[in-house]
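Trainee: I would like to learn how to read a protein model. Can we go through it one feature at a time?

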Amino acid sequence: MAVRAVRGAVQLERDEAGHMGEQVGELLTAIIERNGLTTDDLISIWFTATPDLHSDFPAAAARKLGIVDVPLICAQELDIEGAMPRVVRVLAHIESDKPRSEIAHVYLGAAAALRKDIAQ
C-alpha cells in the first residue's frame, strides 16, 4: 500500500454554511467514489478556503459525511489579486495500491479551470 495525495476544489456560489456543507460534501463524495476509496483509506485531509469564505469550517462537511476518525485541518488560502473567489480546496492523503497516474483529482464546476492539467 502506498501513500498518495488527491487534490480537489469547488467554487461556492455564496458564503453560507449550508451551501458550503453541501458543496464540500459533494466534492469529498466524488473524491472517494472516483478513487474507489472507503473512509479507512483516508489518512488525513487538508482544506483551504479563500479569504472571502467565513460562514463555516470546510472540514465540518467531512464530519457530516461520517468521516469522524480522520485528522482534518482547515487553513486560509493566500489572498492573491485576481484569484478565483469563494473556493474550497482539498488535499487528501490516502492509502492506495493505484499508481500515482491513476489517482482521480476532482475539480467541480468552475473550479475545473484551476487545474486543467489534472481535473477529471
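Trainee: Is glutamate 13 buried or exposed?

Mentor: Keep in mind that this is a predicted model. To read burial, compare the relative accessible area with the cut-offs: under 20% is buried and over 50% is exposed. Glutamate 13 has a relative accessible area of 63%, so it is exposed.

Trainee: With which residue does the side chain of glutamate 13 meet in a salt bridge?

Mentor: For a salt bridge, look for a side-chain nitrogen of Lys or Arg within 4 Å of a carboxyl oxygen of Asp or Glu. Here the partner of glutamate 13 is arginine 14, at 3.5 Å from N to O. Arginine 14 also forms a salt bridge with glutamate 16, where the closest N and O atoms are 3.0 Å apart. Arginine 14 is partly exposed at 35%, and glutamate 16 is partly exposed at 41%.

Trainee: How many salt bridges does the structure hold?

Mentor: It holds three. One of them joins glutamate 77 and arginine 89, with 3.7 Å between the closest N and O atoms. This pair links distant parts of the chain, twelve residues apart: glutamate 77 is in the loop between strands E3 and E4, and arginine 89 is in strand E4. Glutamate 77 is partly exposed at 24%, whereas arginine 89 counts as buried at 17%.

Trainee: Which residues does UniProt list for "binding site"?

Mentor: An annotation comes from a record, and it may be inferred rather than shown by experiment. The unreviewed UniProt entry lists Arg7, Arg89 and Tyr107. These residues span 101 residues in sequence, but no two of their C-alpha atoms are more than 8.8 Å apart, so they gather at one spot. Arginine 7 lies in strand E1 and is partly exposed at 25%. Tyrosine 107 is in strand E5 and is buried, with a relative accessible area of 4%.

Trainee: In the largest nonpolar core, which residues touch the most other members?

Mentor: For a core, look for buried nonpolar residues joined through their side chains. The largest one here has 29 residues, and Leu42, Ile45, Phe47 and Val90 touch the most other members. Elements that give two or more residues to this core include E1, helix H1 and strand E2. H1 gives the most, with seven residues.

Trainee: What does valine 90 touch?

Mentor: Leaving out residues up to four places away in sequence, its contacts include Leu27, Leu28, Ile31, Ile45 and Phe47. Arg7, a residue from the UniProt list, is also among the contacts of valine 90.

Technical notes:
Residues numbered from 1 in each chain as written. Predicted model: local features only at pLDDT ≥ 70, side-chain atom pairs only at ≥ 80, totals over all residues. Heavy atoms only, no water. Helix = DSSP H or I, 4+ residues; strand = E, 2+ residues; numbered from the N terminus. Buried < 20%, exposed > 50% of the residue type's maximum accessible area, 1.4 Å probe, protein only. Core = buried A, V, L, I, M, F, W, Y, C linked by side-chain atoms within 4.5 Å. Contact = heavy atoms within 4.5 Å.
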